[in-house]
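User: I'd like to learn how to read helix packing and chain contacts from a set of coordinates. Could you walk me through an example?

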Amino acid sequence: MGKYILKRVLQFIPVFFGVTLILFALQNIVPGDPIKLIGGGGKAMTPEAELNLRIRYNLVQVDENGHAVLDENGDPMPVPLMDQYVTYITNLFQGDLGESYQRKMPVTEILANKYPYTIKLAACAIVLEAIMGIGAGIISAVKRYSFWDILVTLSTSVLVAVPAFWLGMLLQLIFGVWMKEWTGGAFSLPISGAGGAASQYQDWIHYILPSITLASVSTAYAARIMRSQLLDVMNQDYIRTAKAKGLSNRAIIWRHALKNALIPVVTYIGVDFGAMLAGAILTETVFNWPGVGYEIYRAITQRDWPIVMGGVTVVVVVVMVINLLVDISYAFLDPRIRYGAPKDKS
Amino acid sequence: MKKNANKNYVDLKTQPIPEGQHLLEVDNLKMYFHTEDGIVHAVDGVSYTLDRGETLGVVGESGSGKSVTAMTIMGLISMPPGKIEGGRVLYRGHSLLDMSEEEMQHIRGNDIAMIFQDPMTSLNPVYKIGKQVGEGLRLHRGYSKQEALQRATELLDLVGIPEPEKRVNEYPHQFSGGMRQRVMIAMALACDPDILIADEPTTALDVTIQAQIIELMQEMQEKNGNAIVMITHDLGVVADIADKIMVMYAGRPVEFGTADEIFYDSRHPYTWGLIRSIPEQAIDEKKPLTPIHGNPPSLMNLPAGCPFAPRCPYAQDICHEKLPEQVTTETGHYSACHFAGDMDFVKKNAPNTSRSRGKIATGTPDVLDPSVIGGRA
C-alpha cells in the first residue's frame, strides 16, 4: 500500500507541471491586456504608470536600477514566458502565489478567504448527493419496475439533461421570487451569497438552493449507477448462495449486495467531490457565491491572471489529493484491490 | 439480525419422518416459465424419493431441467416468471411448496443446503471466508460471532483446508477453485442439513480436483448421514457415488433406477446415448467419440410425441405421435420409451456395458465394479 501511494504521489509531479505550464501558455494567448484593464482599459492610464505596473508584476525586463530594458524601437522588452514560469514556480514553493492585478492583494489571502465557502458548499452538495443518489438508487433497484422506480428513472433522466446554471435560475425564480410573491414575503429562499450581517436569512439557509443546484446532475448519475450496480450484483452467483443459506431478502440486500454495489458509486461520488472542490464555476456564478469558482470566473473576465493561476494551481493539488484518497478508500471496500489480486473473471 | 428470529420455529430436522414416507418426496413436479415468447416447460412431471444417507444422481444435458428442479425445491426460482403448475414436494411430510417465504428461509441452509457450479463466483468477494461459512450458524443456530468463527474454522479443517485458523480470515480471491468449492461444501454442511443439493459441483473444476471434491462429499455424507442430490451432465461423475440415477430430458425424467440399472440395464435410447458419449479410455487405439446428434428441443414448443424422438436413431411413427408412458419394472426402475418393455429391442440396441464386460471407461476403469455401485448407503 505504501509503495502504491508513493507511486501515485510521484505521478502528481508531471500532472502538476503539465497543467500549470499549459495554463501559463494559455493566459498569453487569450486576447486582452490585463495591465490595460487595471485602469479600466483605454486611455485612463499614463504610459509611465502602465510601465511601472508591468515592472511591478514582472512582465518586462529590468536592469539593475529597476528601469525597464528597452529594445531598438524604444519598447520595453517582455520577460520571456519560460522565465515568468520559473519565477512563478519558485515563488509558489515559497508559498507565494503572487498579487492580484485588480484587487492588489496577495492571491493566497484571496483564496484563503474564498475557499471555505467553496468547501462548505461542496460538503453540503456531496452529502445531499450521497444520501439522495444512493437512496434513490437502492429504492429504484429494490422496487424494480414499481412506481418509485419509474419516478427515479424518469426524474434522473431529466436531471442529467438539465444544465446546472439553468436549474439554479429556475430555483431562484420559483423559491426566491414567486414564493415571495405568493406568500407575501413570509416564505422565500435567498437567491445569492452566503449570508453575512446584511442578509435577512440565517447563514445556513443560503446553502439550500446552491447545494441542490450543484448536486443535481451528479445525484442523478449516482442514483443511476447505484441502481444498475445493485441490479447487477443481485444477479451474481454469491447472492444466490446467500439466498440458499436462508437469509432474508432484506439481509441479502443490506449485507451481501450493498457493499459490492457501492464500490463504483463511492468512487464516482469521491471523484465528484474533488470536482466540486475545484470550485463550481457555474453554480457559484449563478448564485453570486463568494467561493473560488466565482472568483476564478471573475478573474478570467478581468484577465486577472495571478488569481486564475493561483486558484487553478490550488485546485489541481486538491483534486489530485482527493482522487488519491478515493483510490485508497477503494482498497478498503474491495479486498481484491487491497491484496493486489487480479479481479475475478465474473 | 435478531438472534432468536426462529424462536417459535420447530426445527423440522428433529421431527420424525411420518410412517411410510420418505425424507424427500418429489411428486409430478411441474415448473413452467411464463415469458413474453411463450411458456417454457422447464420441469414437466419430475418424481423421485430420497432417504437419509442416499445419493441421487440427476443427469441430463444443459437445459433438461435438472437445476430448475433443484431450485424449485429450494424455492429459489423467482415467481413470476416461474410458476408451479402442479405436483408436490414433501420434506419429512411437510409440503415445501405451500410454505411461506419465511418458513422456507428456515429450511434453506438449515434442512436443505445447496452448492453451486462455479465456486469462483459463488462466494461474496468482499467478505472473509470465516464470516461467510459461519453466517448460516448465526442465522439458524443463533451462534455468536465468536462461536460462528470458531465453528467455521473447524469446518474448514473438516473439509481439508490446510491452516484453517489462518484461512478463515482470508478472502475468496485468495483461494483456488478447488479450495473454494471445499469452502462451499463447508458452508453448506455448517448447519448439518438433511439434504445437500450439489448443482454440477465439479463442472468448473480441473479434472484432477473433481475427484477430490466428489470424494469429500462422500466422506462428509458418511459422517453426517445426509442425503445428496448430485446434479451433473456427466454420467461418469455419478457413476462413482450415486445410489439412484434419474436421467432427464427436456424437463422430463426419461429413466430412473439404481445406478446399476442405469448403467447395466438401461432401457431408454437417450440413456444409451449418454453412456456411449462417455469417452472411452483407449489405451492402444484412438477411437472417435460417439455423440448424440442434434440438439435438445425448445422447451417452448415440444414435439407432439416423445421429446427425444427427433434425435432418436430408433424412432418409429408412434414416437412422433404419442408421448410414451413410463414402463416400470418391479424394482421401480422406469423408462419413458414406447419400446422399453420390448426386451429384444433393448438387447439389440443397448450399449455393450453388460456386466461381463465390467467396465465403461470413465477414467477409472474399476469404479463401475458392481460391488462399489450401490454397495453403500
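This is a predicted model: local features need pLDDT of at least 70, side-chain atom pairs count only at pLDDT 80 or more; totals for chains, interfaces and linings use all residues.

User: Let's start with the fold. How many helices and strands does chain A have?

Analyst: Chain A has 14 helices and 0 strands.

User: Is chain A compact or spread out for its 346 residues?

Analyst: Compare the radius of gyration with what the globule rule gives. For chain A the radius is 26 Å, well over the 20 Å from the rule for 346 residues, so chain A is more spread out than a compact globule. The box around its C-alpha atoms, taken along the principal axes, is roughly 90 × 60 × 30 Å. Buried residues account for 32% of the chain. As for contacts between residues at least 6 apart in sequence, 65% of them join residues at least 24 apart.

User: Now helix pairs. How do helix 1 and helix 13 of chain A pack, and at what angle?

Analyst: The general idea is to take the angle between the N-to-C directions, with anything over 145 degrees counting as roughly antiparallel. Helix 1 (residues 2-29) and helix 13 of chain A pack at about 155 degrees, their axes 10 Å apart. That's why helix 1 of chain A is called roughly antiparallel to helix 13 of chain A. The crossing of the two is right-handed.

User: Which residues of helix 1 meet helix 13 in chain A?

Analyst: One general point first: an α-helix has 3.6 residues a turn, so residues three or four places apart point the same way. In this pair, the residues from helix 1 of chain A include A:Phe12, A:Val15, A:Phe16, A:Val19 and A:Leu23. Across from them in helix 13 of chain A, the list includes A:Val308, A:Val312, A:Val316 and A:Met320. The residues of this contact split into 13 nonpolar, 3 polar and 2 charged.

User: What about helix 6 and helix 8 of chain A: at what angle do they cross?

Analyst: Helix 6 (residues 147-161) and helix 8 (residues 208-234) of chain A cross at roughly 140 degrees, and their axes come within 8 Å. Helix 6 and helix 8 of chain A are therefore oblique to each other, and their crossing is left-handed. A:Val152, A:Thr156, A:Leu159 and A:Val160 of helix 6 meet residues of helix 8 including A:Ala220 and A:Tyr221. By type, the contact has 7 nonpolar, 2 polar and 1 charged.

User: Which residues of helix 12 of chain A are buried?

Analyst: In helix 12 (residues 292-301) of chain A, they are A:Val292, A:Gly293, A:Tyr294, A:Glu295, A:Ile296 and A:Ala299. Those buried residues pack against helix 5 (107-142), helix 11 (281-286) and helix 13 (305-333) of chain A. After helix 12 of chain A comes A:Arg303, with a positive phi near 55 degrees.

User: And between chains, how many residues of chain B are in contact with chain A?

Analyst: Count the residues on each side: 26 of chain B are in contact with 23 of chain A. On the chain B side, helix 2 (101-107), strand 6 (112-115) and helix 3 (129-141) each supply at least two residues. Helix 3 of chain B gives the most, with 4 residues. That side divides into 12 nonpolar, 11 polar and 3 charged.

User: Last one: why does B:Pro351 count as partly exposed?

Analyst: Buried takes 20 or more C-beta neighbours within 10 Å. B:Pro351 has 19 inside 10 Å, so it counts as partly exposed. B:Pro351 sits in the segment after helix 12 (343-349) of chain B. Leaving aside neighbours within four places in sequence, B:Pro351 is in contact with B:Trp272, B:Ile275 and B:Arg276.

Methods
Residues are numbered from 1 along each chain as its sequence is written. Chains are lettered from A and ligands numbered from 1 in the order in which they are written. A residue is buried if 20 or more other C-beta atoms lie within 10 Å of its own, exposed if 12 or fewer, and partly exposed in between; C-beta atoms are placed from the backbone. Two residues are in contact if their C-beta atoms, placed from the backbone, lie within 7 Å. Ala, Val, Leu, Ile, Met, Phe, Trp, Tyr, Cys and Pro count as nonpolar, Asp, Glu, Lys and Arg as charged, and the others, Gly among them, as polar. Axes are lines fitted to C-alpha atoms, for helices over the stretch in contact, and angles run from 0 to 180 degrees between N-to-C directions. Angles under 35 degrees count as roughly parallel, over 145 as roughly antiparallel, 65 to 115 as roughly perpendicular and the rest as oblique. A crossing is left-handed if the near helix is turned anticlockwise from the far one by less than a right angle, and right-handed if clockwise. The radius of gyration is taken over C-alpha atoms; the globule rule is 2.2 Å times the number of residues to the power 0.38.
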